[in-house]
Each structure stands twice: as C-alpha cells, then as structure tokens.
Amino acid sequence: MASAREIRRRIKSVRNTGKITKAMELVSASKMRRAQRNVLATRPYTDRLYDVMGELTMRSTGGSSNHPLLQAHPEVTRVALITVTSDRGLSGALNSNLFRATARFIEEQRGLGRAITIIAIGKKGRDFALRTGQSLGSEITGLGDSPPLVDVLPAATRAIKGFSADESGRYEFDEVYILYSEFVNTLTQRPKLRRFLPVEAPGDAGATKVDYTYEPSREDVLEQLLPRFVEVQLYQAVLESIASEHSARMIAMRNANDNAKELVRDLTLSYNKTRQAAITNEISEIAAGAAAL
Amino acid sequence: MPLRLEIVTAERVVFSDDVDLVSAPAAEGRIGILPRHEAMLTILLPGEFHYTKDGVSYPFAISGGFMEVLPDRVTVLADTAERGDEIDEARAEEARQRAAARMRDRQSARELMLAEAELRRATVRLQVARLRKGRPNR
C-alpha cells in the first residue's frame, strides 16, 4: 500500500485537476449559450431565403432556368466532403464520432469508385485528413467562437468553384457533401451528413403563392440567390458545430469533475485507513515495548 | 396601412419596425416603396438604403442582397447592413483608403474585381456615416 504522504500528494493533484475541469465546464456552458444564440440569430435570414428559394425554383421547374448549381452531373466520379470539426480537443467523443463518419463515407464512396477531396473546417478534421492521407482541397482553421459569415466563405466559394465547370467544361467535383455536428440538445450531438451540391431545391411547402415582379429578371435573382443559399447553409452548419463543440466539452468536463470528486473520496478513505493503520501499528509497538520491560 | 420593414443579415436581425417609406438601391435604379406596393423580388446593389418614419429619414449602408416586397411588408436580405449611426467615420475612411490602395496594386482581374467591390462598399459606408453626421440632433 502507498504511504500516507504519497496518497496525500495524489489527492492534492486530483483536486487541482478538478478545479481546472470545473472552470472549463463553466466557461463552456456560457460559450454554449452564446453559440446557441448565434444559431438562432441566423434563422430569420435562412427562413426567408428558403421561402424565396422555394418560390423561385418551384416556378422555374416548368420554366427555363437551369442553374448549374441545381443540376446533377451526369456521371459522378469525384466527390468533395466538407468536414466541420473543432479546433480543440477535450470535447468528449465529438470529433472521434465525426472521424468515424468521415471514414465510413470515404469507404462508401471509394467502393463506388469515386475520388474524394476533403475541405476541412477545423484543425481536428484537417489533422485527420492529413493523418489518413486524404487529399486536402482547402482548410479553414482558427474560426473562434462566433465567426462572422465572411470567415467561412472561402470554403463555400471553393466548393462552388469546384462544382462549376471550368474553361474546358470539366468539373473538379461532381458532388459536394458536408459533415458536421448536429446540435440535438445539450446532451446529444450527432454527426450529420448532407448533400451540399447540387442544391436540393426546397419544395413549395413554405412558399407563399404570390406573383412577384422580378427585377431585373427571375433568372438573375436566382443566379444571385443560389450562391447565398449555399453559403448560408454552410454558415449554419458551422455555427451548429460550434454549439455542439461547447456542449460536448461542457458534458465531458462535468464527467471529469464527477470522476475527480469520486477519486478524491476513494483516496481520502484509503488515506485515513493508512493513517489509522500506522497509528495502530505504533501503539501496538509501544505496548509490546512496554510489556517487554 | 403600415409598412413593416425587416432588415436581416445572415448574422442577425438588424432592423424590424413599421415605417412610412422605404428607399432602396435596386438592380435597375433606386426605388421608393410605399404601403400597398405590388409584390416584387429584386436584387439590391451596394448603396444607401433609407426608410422614413414620421418625416425623418434614417440611412443604412447595405453591401448588396435581396429585397422582397409585399403590400404590407418589405424584407431585406442583406449581405451586410449597418445603421448610419453605428458606422465609425474614421474607420470607414481608413477602410476606403485601404481598398483604394489595394486597387492600385492589383494583381489579377479577379483581385481587381474584389478590390473594386470593397472600395464601393467602403465608399457607401462613408457616405452614410457622413449623412448621419449632418443630423446631429437625432
């Protein structure tokens, strides 16, 4: 059994770690609340955009508008995956769940004979792509806790550019997917895979049946609107992942805290036992000594 | 009949209230909107955006986006939108000069395009900021 002093030292170190995890839990809790607010703040914009999109695409299915971002490529041989991960660790299983989903996706696509390019948002996802030898199309790291829209635009631009035909009519990507952490609630975050391009036009569910006058023309409005739609979807995925990151970290830290407390309790018990054993030992030695005299 | 104006960006709701008149830099020229306007969907160009309420005009700087007009409601989906009184004139001026400098030492056609857009936005912000200054009592 360890000596009383060793156990005491151990208790102190566990307590200190517990203080750190407690602080991290509190910080994550407040960051999570802000991140959730940020997600909600984009809703009015996305909802309106969604309605307008529905309106435009519903009418254009019968019309002449065949925007390239809406068109599926006849043959799919190259696929891009945007992975949204956190920059930092200590967030429980959040990133490893994403990695597992990434690996599964890659395997599936490989099985179909498709080449994969990763567009990484977040350090962890980039490191994963590099570690497993994937081809990395571009990366964004260091976004912080509430990034403005412009900070995530490069990834959207990259995806759109790759999906659109270049001068010689070739495509770099035939399909683009996005994998991020869906924020279900504080306790649950799920890896979520969605097709990003070609754009899935929303149905006419929310669309108001209004006859708009378009200025300059419906095609021009759609032309401008589609990239926005794509960008804002990416933005929302990023914000949701940030909220997920903080809540995952908060839960991980809370568990660490509970573990620390339990450990301190156990250690205190064995410390007391050791101490009592030492005292008993001493007394019996003294008693034996006294008896021997 | 009131006209409800909502200005939203991807990051937040910038403005939401009933107004009397809206003046916006639409794709085919500046347009004014009163209640009972016909339904319209238009692209907005970077420029000054105003609304008037009780005879007072309030400016915003908008860097492009969309506007949906319905008889009783105007929704602006702006790329960025700033209220005139939120803009720091000194910083706007600085940004304009930076954009102008970048335009001078542009590298490619694409960069020139970006720098030009940047310069246009910066100029609009500055104009709006100055407009605001002209009305010190509000």
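Which domains does the domain assignment of chain B give? The assignment gives domain 1 (3-84) and domain 2 (87-133), with bounds that come from an automatic or database domain assignment. The model is predicted: local features need pLDDT of at least 70 and side-chain atom pairs count only at pLDDT 80 or more, whereas totals for chains, interfaces and linings use all residues. Residues are numbered from 1 along each chain as its sequence is written, and chains are lettered from A and ligands numbered from 1 in the order in which they are written.

**View 1. The two domains of chain B.** The C-alpha centres of domain 1 and domain 2 of chain B lie 22 Å apart. Their contact (C-beta atoms, placed from the backbone, within 7 Å) takes 9 residues from domain 1 of chain B and 10 residues from domain 2 of chain B. On the domain 1 side, β5 (40-53) and β6 (56-70) of chain B each supply at least two residues; strands here are DSSP runs of E with at least two residues, helices are runs of H or I with at least four, and both are numbered from the N terminus. The largest share of this side, 4 residues, comes from β6(B). By class, this side of domain 1 has 4 nonpolar, 3 polar and 2 charged residues, where Ala, Val, Leu, Ile, Met, Phe, Trp, Tyr, Cys and Pro count as nonpolar, Asp, Glu, Lys and Arg as charged, and the others, Gly among them, as polar.

**View 2. The interface of chains A and B.** Here 22 residues of chain A are in contact with 20 residues of chain B. On the chain A side, α1 (4-62), β6 (213-215) and α5 each give two or more residues, and α1(A) gives the most, with 7 residues. This side of chain A comprises 15 nonpolar, 3 polar and 4 charged residues.

View 3. Strands β6(A) and β5(B) run parallel and are joined by 3 bridges; strands pair if DSSP finds at least two bridges between them. A:Tyr214 has B:Leu41 of β5(B) as its bridge partner.

**View 4. The largest nonpolar core.** Such a core is a set of buried Ala, Val, Leu, Ile, Met, Phe, Trp, Tyr and Cys residues joined through C-beta atoms within 7 Å, and a residue is buried if 20 or more other C-beta atoms lie within 10 Å of its own. Among its 92 residues, A:Ile82, A:Ala159 and A:Val238 touch the most other members. Helix α5 (residues 218-292) of chain A contributes the largest share, 19 residues. The core lies between domain 1 (3-84) and domain 2 (87-133) of chain B, because both give residues to it.

Notes
Buried ≥ 20, exposed ≤ 12 C-beta atoms within 10 Å, placed from the backbone. Contact = placed C-beta atoms within 7 Å.
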